[in-house]
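Dear colleague,

My notes on what was found in it follow.

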Amino acid sequence: MEELRIIFMGTPEFAVGILDTIIKNNYNVVGVITAADKPAGRGQKLKYSAVKEYALANSLTLLQPTNLKDEDFLAKLKSLNANLQIVVAFRMLPKVVWEMPVLGTFNLHASLLPNYRGAAPINWAIINGESKTGVTTFFIDDKIDTGAMILNSEIAIEPEESAGQLHDRLMLLGSKTVIDTLKVIENGNVTTTIQEDNDDIKTAYKLNKENCKIDWTKSGTEINNLIRGLSPYPASWCFLKDKNEELSIKIYEAKLFLESHSHETGKLISSKKEIKIAVQGGFLHLLNLQLPGKKRMQVAELLNGITFSDSAKVY
């Protein structure tokens, strides 16, 4: 059994959950690599990544390169004398980095590869109405999420589950799968499976303003899946027009009720307690949303201070 000397690379909260599990299982993490600090908020103060916060709190050796090919960074990386690197939600690595450790560099990806390669696998699994997803560990190669697979674990997606809720469950599943992967590597029992490409593979495209906008001509199920798949971040959005005012609103939670009606798609119907939108084959009841310049709130709370006319609609 070979003693592992691990370098961990990651940035967001998802990666912190994995790193914490590795530490708590008494593996030797000799270094942590994370993104450089970035200005954020109105004051543009430098913001630490979630992984940096964890590394500092646990006195782990920390590197924050802006250029992964920089000679000074590569020298520091080599000096840590790691024999294995683990990547979770970081960035594409140059060959000189992922080839460095003798046991290789493996990545944990939050999908059942080869499906949902890319930046937002958790979101797109829900947006596309999948009934299951999972996590996969694989050895990194020179493309994105295409390397030889080591282990995967599957999980069902609940009918009303949001991306945030699924994120937390996949973090737990991913933590276990990473530990299982470390065990087969340290025992020398690694077997891999080559990813097979085909025309049916689904991609986890990077999220942007355009693909987060609700298309109210789609089915109620598709719209609801988009809302769930983008909640709590970055959130689905659309325009709301009432009288002569047009607002850009974010919708975080809704519930679909199937029933026949004669309303135009996108019509907003409100009472003192609810807001519902006419969609194909039913109504989407809005539960949690955000108006411009306001905090996110439950619809019942929102309706305490605002009313909508009979002409209100979304698009």
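How many helices and how many strands does the chain have? The chain has 8 helices and 18 strands, and please keep in mind throughout that this is a predicted model. The C-alpha atoms fill a box of roughly 70 × 45 × 30 Å when it is taken along the principal axes, and of the 315 residues in the chain 48% count as buried. Among contacts between residues at least 6 apart in sequence, 64% join residues that are at least 24 apart.

I turn next to the interior. As a general point, nonpolar side chains in soluble globular proteins tend to be buried together. Here the largest nonpolar core has 38 residues, and the members that touch the most others are Phe8, Ile22, Ile86, Leu170 and Leu182. Helix α6, which covers residues 163-186, gives the most to this core, with 9 residues. A second, separate core holds 34 residues, among them Ala204, Leu240, Leu291 and Phe308. As for the surroundings of phenylalanine 8, if residues up to four places away in sequence are not counted, its contacts include Ile18, Leu19 and Ile22, as well as Val32, Ile86 and Val88.

Helix α1, residues 13-24, packs against α6 at an angle of about 40°, with the two axes 9 Å apart. The two helices are therefore oblique to each other, and α1 passes α6 in a right-handed crossing. On the α1 side the contact is made by Glu13, Phe14, Gly17, Ile18, Thr21 and Ile22, while α6 contributes residues including Leu170, Gly174, Val178 and Leu182. Sorted by class, this contact has 8 nonpolar, 5 polar and 1 charged residues.

How do the axes of α1 and helix α2, residues 50-57, lie, and at what angle do they cross? They come within 8 Å and cross at roughly 30°, and α1 and α2 are therefore roughly parallel to each other, since angles under 35 degrees count as such. This contact is made by Glu13, Ala15, Val16, Leu19, Asp20 and Ile23 of α1 together with Ala50, Val51 and Tyr54 of α2, and by class it has 7 nonpolar, no polar and 2 charged residues.

Is threonine 181 buried or exposed? Threonine 181 is buried, with a relative accessible area of 0%, and, leaving aside neighbours within four places in sequence, it is in contact with Phe106, Thr137, Ile150 and Leu151. Between threonine 181 and leucine 108 there are 9.8 Å in space, C-alpha to C-alpha, although they are 73 residues apart in sequence.

Finally, some points about the backbone. A cis peptide bond, with omega of about 10°, joins leucine 113 and proline 114, and proline 114 lies in the loop between β7 and β8. The peptide bond from tyrosine 233 to proline 234 is also cis, with omega near 0°, and proline 234 sits in the loop between α7 and β12. Asparagine 26, in the loop between α1 and β2, is not a glycine and yet has a positive phi of about 65°; at 70% relative accessibility, asparagine 26 counts as exposed. Serine 59, in the loop between α2 and β5, has a positive phi near 55° and is exposed, with a relative accessible area of 69%.

With best wishes

Key: Residues numbered from 1 in each chain as written. Predicted model: local features only at pLDDT ≥ 70, side-chain atom pairs only at ≥ 80, totals over all residues. Heavy atoms only, no water. Core = buried A, V, L, I, M, F, W, Y, C linked by side-chain atoms within 4.5 Å. Buried < 20%, exposed > 50% of the residue type's maximum accessible area, 1.4 Å probe, protein only. Helix = DSSP H or I, 4+ residues; strand = E, 2+ residues; numbered from the N terminus. Contact = heavy atoms within 4.5 Å. Axes fitted to C-alpha atoms, helices over the stretch in contact; angles between N-to-C directions. Parallel < 35°, antiparallel > 145°, perpendicular 65-115°, else oblique. Left-handed = near helix turned anticlockwise from the far one by under 90°. Nonpolar A, V, L, I, M, F, W, Y, C, P; charged D, E, K, R; others polar.
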